[in-house]
Amino acid sequence: MEQSFGARGEAPPWFRMIPPRMSRPAKVLLTGALLAVAVLASACGTEKISVPKSQPVLHEGAVLFNQRCSGCHTLSYAATHGSAANVRTAQENNGPNFDIRCERPVARVLYAIQNGGFSGAIMPQNIVVGAQAQAVAQFVATYSGTKAPKVPGVVPCHQVPVGSIEAALTTTATSTTPLPGTVTGTSTTPKPTKSKSTAPSGKAVTISSRTIPGLGDVLVNSAGHTLYVFAPDNATKVTCTGACAAVWPPEYLPAGGHAVGTNGVMTSLLASAPDPTGGKVVTYHGWPLYTYVADTTAGSAAGQDVNLTGGYWWVITTSGTVVKKKP
């Protein structure tokens, strides 16, 4: 078969990409490499929303989530990957991975959408509104948490009721706290769960104490749930994010808010540290404070001296001393 060359018998540009003096083996290798690049290039962007169109409300919610939330959140059913994979390279707006974090019931998700989460730091209010907000809330509540870590004593996400939009529309802000024993919680920034610290913007977060046998007077939050410190934080910075924070929700400080101590807790030792995923976490004597999802009742300390999600967890006393022993 004759080759079609130019008027002066020159090969076309694409043909001249392989030098004429190149050996046959080298030509074969180069041609294979070019084909491989073409195949890889054609594969880019093939990931699609996996919610069936036969579920119109959920599919619409997935499309809207992809359009409005992909820059901050990861949720594979909406083909979004906005969460930071590495805390050291995270940007301020990198939010939690909703494949890992369970977000139920739907009333909680809808409240976060309408109010910019719970601390008002990064996530804008009403990023979607009306029926669209309801569709996004229903989608997130239905498909989040599919890869949530299995934690002893914690109800798996698929067993947590999604709830209904009808009930969500009549739910007040006071009923948006997570169900006991679940890995859940929608935050403002997009950031890890903060199930027990939802004080309004500008209000004080109260840190108190409770006597736990064998441990002494240790810090608890306003709901009476034990607060822990994470050994890798080393009293300097927040390192528990992503899947870690789904199990150990940070005690967040609302935007414009401040922490106060009571019942022996010294306000002078209270401060805050930036969360790599956004917002601020309350600290005591330099240590960021966290709760534990397995502590389903006030006064429980199931997380004490536990080596989990990358390091040891300990309670801290009102004097600022970390207790490194079993109760």
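## Disulfides

A disulfide here is a pair of cysteine sulfur atoms within 2.5 Å. Please keep in mind that this is a predicted model, in which local features need pLDDT of at least 70 and side-chain atom pairs count only at pLDDT 80 or more, while totals for chains, interfaces and linings use all residues. Residues are numbered from 1 along each chain as its sequence is written, and side-chain values use heavy atoms, with hydrogens and water left out.

A search of the whole structure turns up two disulfides. In one of them, the sulfur atoms of Cys 102 and Cys 157 lie 2.1 Å apart. The link of Cys 102 and Cys 157 is right-handed, with 75° about the S-S bond. This pair connects distant parts of the chain, 55 residues apart: Cys 102 sits in the loop between β2 (80–81) and α3 (106–115), and Cys 157 in the loop between α4 (130–143) and α5 (165–169). For these labels, helices (H or I, at least four residues) and strands (E, at least two) are DSSP runs, numbered from the N terminus. Both Cys 102 and Cys 157 are buried, where buried means under 20% relative accessible area, exposed over 50%, and partly exposed in between (1.4 Å probe, protein chains only).

Cys 240 and Cys 244 make a disulfide too, with 2.0 Å between their sulfur atoms. What is the handedness of the disulfide of Cys 240 and Cys 244? The torsion about its S-S bond is about -110°, so the disulfide is left-handed. Cys 240 counts as buried because its relative accessibility is 0%, and Cys 244 counts as buried at 9%.

Counting bonded cysteines along the protein chain, the disulfides follow the pattern 1-2, 3-4. Cys 69 takes part in no disulfide, and the nearest cysteine sulfur, that of Cys 72, is 7.8 Å away. Seen from Cys 72, the closest cysteine sulfur is in Cys 69, and 7.8 Å is too far for a bond. Cys 69 has 12% relative accessibility, so this residue counts as buried.

## A mixed sheet of three strands

Now for the strands. In general, strands of a sheet pair through backbone hydrogen bonds, either parallel or antiparallel. In this model, three strands form an open sheet in the order β4-β3-β7, with mixed pairing; two strands pair if DSSP finds at least two bridges between them. β4 and β7 stand at the edges with a single partner strand each, so one side of each has no neighbour in the sheet. From one strand to the next, the twist averages 30°, taken between axes that are lines fitted to C-alpha atoms (for helices over the stretch in contact), with angles running from 0 to 180 degrees between N-to-C directions.

On one side of the sheet order, β3 (residues 204–212) and β4 (residues 216–220) run antiparallel and are joined by five bridges. Ser 209 stands opposite Leu 219 of β4. Three residues lie between the strands of the β3 and β4 hairpin, where Gly 214 takes a positive phi near 90°. With β7 (residues 258–261), β3 pairs in the parallel sense over four bridges. Ile 207 has Gly 261 of β7 as its bridge partner, and Thr 206 has Val 260 of β7.

## Aromatic pairs

A search of the whole structure finds 11 aromatic pairs. Rings of Phe, Tyr and Trp (its six-membered ring) pair if their centres lie within 6.5 Å; planes under 30 degrees apart count as stacked, over 60 as edge-to-face and the rest as tilted. Among the pairs, Phe 139 and Tyr 143 have ring centres 5.5 Å apart and planes at 40°, so they are tilted. Both residues lie in helix α4, four residues apart, about one turn of the helix. Phe 139 and Tyr 143 are both buried.

How are the rings of Tyr 228 and Trp 248 arranged? Their centres are 5.5 Å apart and their planes stand at 80°, so the pair is edge-to-face. Tyr 228 lies in strand β5 (residues 228–230) and Trp 248 in the loop between α6 (243–247) and β6 (252–253), so the pair ties together parts that are 20 residues apart in sequence. Tyr 228 and Trp 248 are both buried. They also belong to one aromatic cluster, formed by Tyr 228, Phe 230, Trp 248, Tyr 290, Tyr 292 and Trp 313.
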